[in-house]
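Reader: I'd like to learn how to read a few features off a structure. Can we walk through one together?

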Amino acid sequence: MRIPVFRNFPIKYKLILVIMFTSLLGLVLSSAAMVAYDWHEAQQALIKEQQVLAQVIGQRSSAALAFRDKRGAQENLDALSQQKSIVLACLYDSKGQMFLASPTSENCPIGLEINKQQFSNGYLHIYHQIELNKRLMGSLYIRTSLDSLDQKLQRFLLVTFGIMGLVVLLIFFITSRVQRVISAPIHLLGAIAHKVSEDKDYAHRAQYESEDELGMLVNSFNHMMQTIEEAQAELKNLAFKDALTGLPNRRLLMLHMQTLLPQVARSGKSAALFLIDLDGFKAVNDTLGHEAGDWVLIQVSERLQSCLRAGDLTARLGGDEFTVLLTGCDSISSIRTVAEKVCHMIDEPIYFQGQLAKVSASIGISMAPSDTLDPQELMKLADAAMYGAKHAGKNGFVFANSSMQQQALEDRLVDEQVLMAIEQDRLHLYVDPQCRLENKTIVGGDIHCYERLGSQDLMNWDEKLLACESKEVITAINQFLVESLQQAWMDVPDEALNKLESLTLRISFKQFNHPQFMETFIPFARQLSLQNVRLILAIDEKDLQSLRNLKGNFQLLLSEYNMSLAVDVMGLGTSFISRWLDFSVAQVRFKCLQREARVQDKKMLSQANEYLNQVLVELCQYLLCDTVVMNLLDADQLELFTRINCNYGQGLALSEVMPIPRFFKMLSEEVPIGIASGQ
């Protein structure tokens, strides 16, 4: 049976009640047993006493009965009356007739049971047979009051209850002390568990110095808390720490910045975010192996931590990218000093198994609150500045400025515009026909993206597509390009296929670097390859160096699916010619050089331009690269590049940009429309 009220009692009160109830129950039972035993012994003693007295009076009264001497018998009975407890004595003759009684015979019983004793109605009844020389002379009845026994029992009970009361007080006192010893650690564990639940902190421990069972309980609880704390720390490390270097990862960095940047806004001081990319790390992996690359990353992380203050944070974003977050910056010069120190420390030699693993650092620096207080924008600005450091020659640092911030905002706007245009089906593919200048025949086409604004007006979206940053938008662009090309390819006449040698698609490095880039374009490239048409991927020369991370598998895939790489260059003076050979560049695409100068002799300027164009074409021929001039505007330029043996040309001097169906129709005709020298 459960008692609801008792169930809600605190454990210390439950413990006191249980101990007291158990002790009191034992005391009551033992006292009851003692009282019962004492009462029984007192009764037996009284019986023996009265039996002896009855025998003595009986012997003394036997002669009086024999001679029927009532006077002698009365003296014997009067002797009994001296016992205060004897209230009645009756003497019978041998026939059972009343002979004499004291004090009166009114209450003497008739029909005696000889030699019997019994208790009833608060009296002891003794029946004794009187004999003389084995001859029955009569009998004696004695009635004894039990008042003395009752008084004795009452006194005993009173003393017992008094003792019980003292024992109860003693038990309560001892129990209170015992419960404190027993319940104190339990109460302590409950308080610690409640605090852990409130604070969400498993570092709390119970302090209890004992080696008994309760001490073992507390130690077990503390061990459990330690196990949970270690498990939580391990989970936190997995979620917020880089497994290789032990540094905070991108997630922890962003959480830290979300907390820090509002404080920066209130403090009046600045914070600086360094985005660090390791120059030469790919070469270390390729030449010394990935184990060496891991060693370099660990060494760089240790160097970064050693040169920073306690309040600064360094993190690894992934790959060979690290960040440093400086707080409480007083001036640009102090930030510059730290950046120089970081560059110098990373540039120091790193050796792996006796071999030099040379890396340096390109650092982009963004500032809060001057640049932005948004963590994502701060990271994006630092990333843009880091690419600025790479283009500036590497092993250095560049600060993000207002122009970079404006560029970041414009990039985001471009992403949104491109994605909306694709979703609304406003973009269409056009072709700028590409001719072999030797015989003025169309052999390929340069793919462009336009939006129709009216019956005649077109808006070129090429630069916007190339400028997109978001992976989501780049995915949409790649899918749009491939799906549009595949749709157009379904209606290509056989006559056009016989003349078509290549299609050129201009894309950005970010499209190349997209995880699903090859998977998206390979099916279409395979389809072109089966019909002996090459897919040429054109990339801006400034992004060519970035392709080093893709060099291995990238080159194999290009060759396997009959794809080629083309490079768009600005001109002879800005070309990184030595890099063309590293990537087996098939075509070098450039615009006709038309430099203007403050000279009076126009003929001299024309000759200089012709000379520079010829040098560029001859250099490409020496490197076994085809040349494509992309902006032929008149017959003079067409004649010039034909004379200097440029391989291919395109532009208004040859043909206007046209929709893909019209391009294929023109290819299928016997004589290409509008493609003729001097036309």
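This is a predicted model: local features need pLDDT of at least 70, side-chain atom pairs count only at pLDDT 80 or more; totals for chains, interfaces and linings use all residues.

Reader: Where does α10 run, and how many residues has it?

Author: Helix α10 covers residues 375-391, so to speak its 17 residues. From first C-alpha to last it reaches 25 Å, close to the 24 Å expected at 1.5 Å a residue.

Reader: What happens at the start of α10?

Author: Look at D374: one of its side-chain oxygens comes to within 3.2 Å of the backbone nitrogen of Q376. Polar contacts are counted for N or O pairs within 3.5 Å.

Reader: And which residues of α10 are buried?

Author: Buried means under 20% relative accessible area. In α10 the list is P375, E377, L378, M379, L381, A382, A385, M386 and A389. For the protein, buried residues make up 42% of the 679 residues.

Reader: Which residue caps the N-terminal end of α3?

Author: That's D69, with a side-chain oxygen 3.2 Å from the backbone nitrogen of R71.

Reader: How do I read a pair of helices? At what angle do α8 and α9 cross?

Author: Compare their axes. Helix α8 (residues 290-306) and helix α9 (residues 332-347) have axes that come within 10 Å and cross at roughly 145°. The crossing is right-handed. On the α8 side the contact is made by V300, R303, L304 and S306, and on the α9 side by V342, M345 and I346.

Reader: What about a loop residue? Where is A586?

Author: A586 sits in the loop between α18 (577-582) and β19 (587-590). Leaving out residues up to four places away in sequence, A586 touches R534, S564, L565, C625 and D626. A586 and L537 are 49 residues apart in sequence, yet 9.9 Å apart in space, C-alpha to C-alpha.

Reader: How many helices and strands does the protein have?

Author: There are 21 helices and 22 strands. As for contacts with a separation of 6 or more, residues 24 or more positions apart account for 66% of them.

How values were computed. Residues are numbered from 1 along each chain as its sequence is written. Side-chain values use heavy atoms; hydrogens and water are left out. A polar contact is a pair of N or O atoms within 3.5 Å; within protein, one must be able to donate a hydrogen and the other to accept it, and residues adjacent in sequence count only if both atoms are side-chain atoms. Helices (H or I, at least four residues) and strands (E, at least two) are DSSP runs, numbered from the N terminus. Axes are lines fitted to C-alpha atoms, for helices over the stretch in contact, and angles run from 0 to 180 degrees between N-to-C directions. A crossing is left-handed if the near helix is turned anticlockwise from the far one by less than a right angle, and right-handed if clockwise. Contact means heavy atoms within 4.5 Å. Buried means under 20% relative accessible area, exposed over 50%, partly exposed in between (1.4 Å probe, protein chains only). The expected span of a helix is 1.5 Å times one less than its number of residues.
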